[in-house]
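Work through the exercises below with the model open. Try each task before reading its solution.

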Amino acid sequence: MVMRSWPAPTVVALPDHGGPLSVHDTVTGSRRTITPGATARMYVCGITPYDAAHLGHAFTYLTFDLVNRVWRDAGHTVDYVQNITDIDDPLLERAAATGQDWQELAAREIQVFREDMAALRILPPRAFLGVVESMDLIADFVARLRAQGVTYEVDGDIYFSAADAPGFGSLSQLDRTAMLELFAERGGDPGRAGKKDQLDWLLWRAERPGEPAWDTPLGRGRPGWHVECSAISVHELGMGFDLNGGGDDLIFPHHEMGAAEACCATGSRPQARHYLHVAMVGLDGEKMSKSRGNLVFVSQLRKAGTDPMAIRLALLAHHYRTAWEWTDADLRTAEQRLERWRAAAAVENAPDARPLLARVRSALADDLDTATALAAVDEWADAALSGSGDDPDAPALMRTTVDTLLGVALDR
Ligand code: 5CA
Ligand code: ZN
């Protein structure tokens, strides 16, 4: 199956250009301005499609959508790549537990995800690649690592030797105890007998009876988790691309191990010039996650008739670096805001919207400060609704500003 991306929303160009984006970089722990070339290259970790997209996923993809929009507004072309973990243990476990075919389960949830992303007006990636369709390039990448001498086998499975990765740990900056804990929690196998080091991780899993497997030069089997993202990103974007990201649950082990793989396979570094991670969205004091089951799904809200633009606005009210909890009040506030913005956009004469455009641009360029951007639009809307202003072009510019930069369409 070849993955199609989802339909792109229209992005109307604004007058002039916005400035460069500065964000909090995970590796340095500090604010840095990203300086892409004419084409900005971004990789974001995609879903494991055993369940529909929840609001935590939506928050992560919205964050990178803002990056995409800010870069385009600054005059860059954006080359965006996203994977889909369409074969992995959690998918097989869910399929087995619910008596479904794993491929049908994945195909169905990927389709729901596409529809959710399109409804939220998230700009689609140029390449939206599943692991299954990328099997050859992933196997080839593992073979490159093997040729570098950084792998070894345990009962036919291929492992990466952490000790052979120069600078391992520099991305997450964690000590060994913390690494081992997270590795065990997030899909790793520190206790497997026969490994040289507990932190060594699986690159290739030889076929097991009853499990799907693919014929490759490595033998029949399937890839471990991290290598899908390093292989796909190297193949599609090369090394030293501008931004690699996902939720902050991926800093370790996923992005640390993926970066080690990419650097060892290519003999070059860095994998990415910047790493950006989004704080977790929770519900009832716990990270919203498929395994915990405390989820609010985008598709559920849509089915219940919630305006996707209100969902988008509810997410935009939060900053990507601060963990937060979803409540129904978030949605009610967003619905009211949306109504107010729509009413304000429909007045005939309003205050000049050029200062509003400048404020939204500078707020977003400043570490994606969405709260400040929303407050600027609120202020303009209050003024417009109070009857001040005599600029007949202002409502249209306000609508384009909100649409192009924040992704919120105000037409009904
Ligand atoms: N397929 C892997 C990445 S290769 C994966 O982590 N899939 S996922 O479906 O679990 O998550 C998809 C994306 O949403 C990842 O970037 C993940 O970091 C992010 N994410 C997961 N849960 C949350 C949450 N509660 N809040 C914010 N982002 C989240
Ligand atoms: Zn990934």
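**Exercise 1. Identify which pocket holds ligand 1, then describe its shell.**

Solution. Start with the space. Ligand 1 takes up the largest pocket. A pocket is an open set of points on a 1 Å grid over the protein atoms alone, where a 1.4 Å probe fits, with protein on both sides within 12 Å along at least five of seven lines. A molecule sits in it if more than half of its atoms lie within 2 Å of its grid points. The model is predicted: local features need pLDDT of at least 70, side-chain atom pairs need 80 or more, and totals for chains, interfaces and linings use all residues. Residues are numbered from 1 along each chain as its sequence is written, chains are lettered from A and ligands numbered from 1 in written order, and side-chain values use heavy atoms, without hydrogens and water.

Next, the elements. Two or more shell residues come from each of α1 (55–73) and β11 (243–247). Helices (H or I, at least four residues) and strands (E, at least two) are DSSP runs, numbered from the N terminus. The top contributor is α1, with four residues.

Now the residues. The shell holds 24 residues, and G46, T60, T85, G247 and D249 come nearest; near means a heavy atom within 4 Å. By class, ten are nonpolar, eleven polar and three charged. Here Ala, Val, Leu, Ile, Met, Phe, Trp, Tyr, Cys and Pro are nonpolar, Asp, Glu, Lys and Arg charged, and the others, Gly among them, polar.

**Exercise 2. List polar contacts of ligand 1 with G56, H57 and T85.**

Solution. The cut-off is a pair of N or O atoms within 3.5 Å.

- T85: a side-chain N or O atom is 2.7 Å from a ligand nitrogen.
- G56: a polar backbone atom is 3.1 Å from a ligand nitrogen.
- H57: a side-chain N or O atom is 3.4 Å from a ligand oxygen.

Then the cover. Alone, ligand 1 exposes 600 Å², of which the protein buries 94% (Shrake-Rupley method, 1.4 Å probe).

**Exercise 3. Classify the ring pair of F113 and F128.**

Solution. Rings of Phe, Tyr and Trp (its six-membered ring) pair if their centres lie within 6.5 Å; planes under 30 degrees apart are stacked, over 60 edge-to-face, the rest tilted. The count is eleven aromatic pairs. F113 and F128 are stacked, at 6.2 Å centre to centre and 20° between the planes. F113 is in helix α3 (residues 102–119) and F128 in strand β5 (residues 127–130), 15 residues apart.

Notes: A polar contact is a pair of N or O atoms within 3.5 Å; within protein, one must be able to donate a hydrogen and the other to accept it, and residues adjacent in sequence count only if both atoms are side-chain atoms. On a 1 Å grid over the protein atoms alone, a cavity is a set of points where a 1.4 Å probe fits but cannot get out, and a pocket is an open set with protein on both sides within 12 Å along at least five of seven lines; lining residues have an atom within 4 Å of a point.
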